[in-house]
Amino acid sequence: MKEEDRLEERNPIEDLLRMDRIPHIWCPGCGIGTVVTSFAEALRKSKIDLDKVAILSGIGCTGRVAGYIKLDSIHTTHGRAIPVATGLKLANPDLKVVVFSGDGDIAGIGGNHFIHAARRNMDLIIICVNNFNYAMTGGQVAPTTPIGGNASTAPYGNFEYPFSLPYLAEACGATYVARWTALHLRRVTKSIQEAFKKRGFSFIEVITPCVTLYARRNRLGDGLNLLKYYYEKSEIQHGADTRTLDISYQGKLIVGKFVDKEKPTFLDCMNEHLAKVLGDKYQLYGVNNE
Amino acid sequence: MKKVKADPKGVLTGSHYLDGDYALAEGALAAGCRFFAGYPITPSTETAERFSERIPMVGGVFIQMEDELASIAALIGAAWGGKKSMTVTSGPGFSLMMENIGLACMLETPLVIANVQRGGPSTGLPTLTGQQDMMQVKWGSHGDYKIIALSPDSPQECFDLTIEAFNLSEIYRVPTFVMTDECVGHMHEKVVIPPAEEIELVERKWYSGPKNEYLPFKPDKDMVPFMVKVGDGYHFHITGLTHDEHGYPVINAECQDVCVRHLNDKITNNADKIIRIEEDQIDTAEIVVISYGITSRVTTRAVRKAREAGIKVGTIRLITVWPFPEKRIKELAKKVKAFVVPEINYGQVVHEVERSAAGQAPAILVPHCGGWVHDPDDILKAIKEAAK
């Protein structure tokens, strides 16, 4: 049988994947691949020019995403995807620049970059896969681990207050903030599509199962058990006050789109301000990108 | 290597009275740098200030990042977005940049970093001079890699060598460093900026073959791979992991061997083309003083006095510090009695002189721990002792 006839055996998003790098490294039951599928769907539905989308990742399990998606892609260092993305976006404002990384990468080691990029309203899309732990290194406690959750460096359970990422993002100035779980794939796709249409700092958190480490250590079962947890405990509350979104151990998950507003981006502000102050002397930047 | 003339928009042609920090910014603008990301740190801040003042009229971006980690990261993004990019810092900021200097080397990314050195370690002497980061620039990030580092001895050279640093970084696809110091950085002197048509720049080594055949790390004949930029439709991948020519991670010893050798040999094998040194009265010299940056200017006085005292002294000024002119030192080591190496640290480049001389001639360090330049008499004393 010819390759093209074997449609049923082909991955439906393989035109957007680096098939020469498949199989991927993620564990069975992991939620990262499903978020990648949602992202690919969003790319397709947005009918966006694929030459003008760049994807950057940091380090960790989700950090490997950039390596599997067939776009211009940069796998950076731990926590630094956002500042690399900032440089890329400013160098070439025609691009849609997406950072796809994990909770430890974005909110832990990269936390400072995250809050400042949001503050500047840098025109970036941040997709943060939150699996509540540092999985690539073996399940250590993260800035997102719920209190009581067990991790290899919190063997008696975590007692630190975790971040509520949507609250952090909104407080720092993000213009689009949403949270979903790996169960809400169509909604993740829709959020990414909305983010593609927006200009400004968009933040989408997706809570995903880490079966091998977080779930096993906490005796939460397999991927299906975690999806059941999301099904039972998640509650869609669009526009919810981001101060109310804390996640307790196996507790309620408030999901939805919390922030969607317009605000001039870093480059808008730069151009407007400098043109006002300097008049004709100012060389407008990034308009038709030279 | 495609040579082009500088864009007149960035070139402030004329005769100016500038400090070294300002001259770094003017050199960058003349070289076509249109992206600067930085974080304030004494004694380098004036470069960022100058760039932020000038860039709006030239067309480009200045951004003050949240820290030096972000500054160097943003440079990498901007470089792959097609811009010539630069940052400036000093000791503590330089330490923070080490992580992504490694990434820039691994991704073979052209960019320029100036380090206006101050006394260290740690916070050290923020406002006073030092040459204590000369080994850090070579070895500071983890793993094996090679970079290019230049050392200007005047504001004029801050201008000239920043342009050269951009050219070298583009030719070799490697981070290139302008290793100046507080003294040169804050020294005001005449800086002549030539007309744009007299400034020769090297264009990035752009790839132009079929889109689906582009390999971001396939070495060309000169060992340097071609480059593309994000947004041109190549859908390429680059990673800080050990990678093959595709830019795909390959985690084994064989690929590591190819990858690491390439990063190092690319510079080592082209060292003769990169290295620039300035020699004076070497042919008859019994003693050779090797210095760089501000120390070479102090050395001038010591050498004059030594010659007046009848000692046959030659000098080598390292304009390029890395790669090191080891062949030349090795050659001279057979003929001369000793090398004298004054530097504002407790012994760094002297080790490289010693290594290159390989026991043929001693390398005598004249240390200064930072905070001020040498007393020329200390260098003179070392020359006299070496000549005995």
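Start by colouring chain A and chain B separately: 40 residues of chain B are in contact with 36 residues of chain A, contact meaning that the C-beta atoms, placed from the backbone, lie within 7 Å. This is a predicted model, in which local features need pLDDT of at least 70, side-chain atom pairs count only at pLDDT 80 or more, and totals for chains, interfaces and linings use all residues. Residues are numbered from 1 along each chain as its sequence is written, and chains are lettered from A and ligands numbered from 1 in the order in which they are written.

Next, select α3 (68–80) of chain B, one of the elements that give two or more residues to the side touching chain A. With nine residues, α3(B) gives the most to that side. Helices (H or I, at least four residues) and strands (E, at least two) are DSSP runs, numbered from the N terminus. Colour this side of chain B by class and you will find 24 nonpolar, 12 polar and four charged residues. Here Ala, Val, Leu, Ile, Met, Phe, Trp, Tyr, Cys and Pro count as nonpolar, Asp, Glu, Lys and Arg as charged, and the others, Gly among them, as polar.

Now show strand β2 (residues 72–75) of chain A with β12(B): the two run parallel, joined by three bridges. DSSP must find at least two bridges for strands to pair. Zoom in on A:Ser73, which stands opposite B:His237.

Finally, stay on chain B and select domain 1 (3–202), then domain 2 (276–387); these bounds come from an automatic or database domain assignment. Their C-alpha centres lie 27 Å apart. Their contact takes 24 residues from domain 1 and 22 residues from domain 2.

How values were computed:
Contact = placed C-beta atoms within 7 Å.
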